[in-house]
Amino acid sequence: MLILGIDTSCDDTSAAVVEDGTRILSNIVSSQDGIHKKYGGIVPELASRRHVEMIWPVVHEALESAAIKLRDISAIAVTKGPGLIGALLVGVCFGKSLSYANSIPLVSVNHLEGHIYAAFLEARPALPFIALVVSGGHTSLYRVEGFGVYRELGRTRDDAAGEAYDKVAKLLGFGYPGGPVIDNISSKGDSSSIPFPRAHLKGSFDFSFSGLKTAVLNYVKKNPDTKKEDISASFQSAVIDVLVDKVTDVAKEEKINRVVLSGGVSANSAFRDKMKRRSLERGIELFLPSLHLCTDNAAMIAAAGYHHFITGDMEGLSLNPKAYLPLGSADG
Ligand code: KG4
Ligand code: ZN
C-alpha cells in the first residue's frame with residue numbers, strides 16, 4: 001500500500017512516498033532556509049508563497065524518484081496542523097485538490113504524530129513507549145499506548161527547545177536556523193565554562209527555556225568578550241541536561257523502558273550522545289531516527305497517514321488546517 005505524504009507546516013515543502021507505513025520510496029524536502037536566513041527567523045507570508053511555488057514540483061519529484069504514477073497511490077496523507085496557518089493551507093488545499101481530481105482517498109495527520117512515527121520508518125518500537133517531540137515549535141512528552149492513543153505527560157510552558165536554540169543563535173549573530181550552527185560550534189567550546197540555569201520544574205514533567213534564553217542574553221551583555229564557542233556549548237549543555245533528565249525521569253515514573261526521540265532538536269549531536277549514554281546506564285531501549293527523519297519531512301506524515309487509512313479515518317473536502325492542534329485532543 002503506497003501513501004503519498006505532504007507536509008507544508010512550517011518552512012520546508014516536503015512530499016514522500018512510503019510503502020505500508022514503513023518503507024521509504026522517496027522523501028523530497030525543499031528547504032526555505034535561504035529565504036528566511038536574512039530575517040533571522042521565518043517570515044510566514046514568504047513561507048506560504050514559497051510553498052505555493054514548490055508544492056507541485058516537490059510532489060512530482062517524490063512520485064518520479066519513487067518510480068510510480070499517481071494512480072498507484074492508495075491514499076494522500078497531508079499535515080492538518082499544528083503549524084503556520086498560511087503554510088498549512090497550501091498543503092491541505094493541494095492534497096484535497098489532488099484527491100478530488102484523481103479520486104484518491106485523503107487522510108490528515110497531526111504533525112506531532114508524524115514526528116513520532118518517523119521512528120517506525122527505521123525500527124519497530126514495542127508499545128507502550130515514551131515519546132519526546134522536541135522541535136522549533138514544540139517540546140512535549142507523551143505516553144504512546146497505541147496508534148492514536150497519546151497521553152501528554154509534559155510540555156514547555158514557554159519557548160520550545162528549538163526556539164531557544166534559534167533565539168540564542170540570533171543574539172550571537174549566527175543566523176537562522178540556529179540549532180545546527182550551535183551544535184557545530186559547541187564542539188569547539190567548553191560546556192562547563194558558564195553555569196547557565198537548568199529549569200527542572202521539580203514535581204512536573206513540563207519544560208521552560210525562556211529563563212535560560214534571558215540568562216544567555218544578560219551574560220552576553222555583561223561579558224561581550226567571552227568566546228561564542230563557550231557560550232554556545234554552555235547554553236547547549238543546559239538545554240540537554242534538562243531534556244535528558246526529564247525523559248529518563250518520565251520513563252522511570254511511567255515504568256516504561258522504551259523511548260522514541262523526534263523533532264529537529266533530536267538531530268543535535270551532543271543530545272544524541274548524552275541520551276545514548278544515559279539509556280545504556282538506565283537500561284532504556286532508545287529509538288533515535290536518522291538525522292533527516294528528525295527534522296521536518298513528509299515520509300513521517302505518510303507513515304502516520306498509513307494508520308489513519310487502514311483504520312478508515314478518512315477526510316473529505318471539508319478538511320481545514322489548524323494552527324493549534326494538540327496531539328491527543330478530539331481534533332488532533
Ligand atoms: O522538527 P523541525 O524541523 O521543525 C519543527 O517542527 O519545528 O525542527 C526545527 C528546529 C529548529 O528550531 C532548529 O534550530 C532545530 O530544530 N534543530 C536543531 C538541530 N537541527 C535542527 N537544534 C539543535 N541541534 C541541531 N543539530
Ligand atoms: Zn516538525
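Me: Helices are DSSP runs (H or I, at least four residues), strands likewise (E, at least two), numbered from the N terminus. With that settled, in which helix is H111 found?

Reply: H111 sits in α4. This is a predicted model: local features need pLDDT of at least 70, side-chain atom pairs need pLDDT 80 or more, and totals for chains, interfaces and linings use all residues. Residues count from 1 along each chain as written, chains are lettered from A and ligands numbered from 1 in written order, and side-chain values use heavy atoms, without hydrogens or water.

Me: Is H111 buried or exposed?

Reply: Buried, because its relative accessibility is 7%. The cut-off for buried is under 20% (exposed is over 50%, partly exposed in between; 1.4 Å probe, protein chains only).

Me: What does H111 touch?

Reply: Leaving out residues up to four places away in sequence, H111 touches D7, S9, T79, G81, P82, D296, M300 and I301. Contact means heavy atoms within 4.5 Å. With D296 there is also a side-chain polar contact of 3.0 Å. That is an N or O pair within 3.5 Å; within protein, one atom must be able to donate a hydrogen and the other to accept it, and sequence neighbours count only through side-chain atoms on both sides.

Me: Switching to the metal. Which residues coordinate the zinc ion (ligand 2)?

Reply: H111 (NE2), H115 (NE2) and D296 (OD) do, at 2.0 to 2.1 Å. Donors are N, O and S atoms within 2.8 Å of the metal (3.2 Å for Na, K and Ca); water is absent, so sites may look incomplete.

Me: How are the donor residues spaced in sequence?

Reply: The pattern is H-x3-H-x180-D. H115 lies in α4 (residues 111–117) and D296 in the loop between α10 (291–294) and α11 (299–310), so this pair ties together parts 181 residues apart in sequence. Both H115 and D296 are buried.

Me: And ligand 1? How many residues surround it?

Reply: There are 20, and the closest are G136, D166, D183, N268 and D296. The cut-off is a heavy atom within 4 Å.

Me: What do its oxygen atoms meet?

Reply: One distance runs to a side-chain N or O of H115, at 3.2 Å. Polar backbone atoms come in too: G136 at 2.8 Å and G179 at 3.0 Å. The protein covers 90% of the 550 Å² of accessible area ligand 1 has on its own (Shrake-Rupley, 1.4 Å probe).

Me: What follows α5?

Reply: G173, with a positive phi near 80°.
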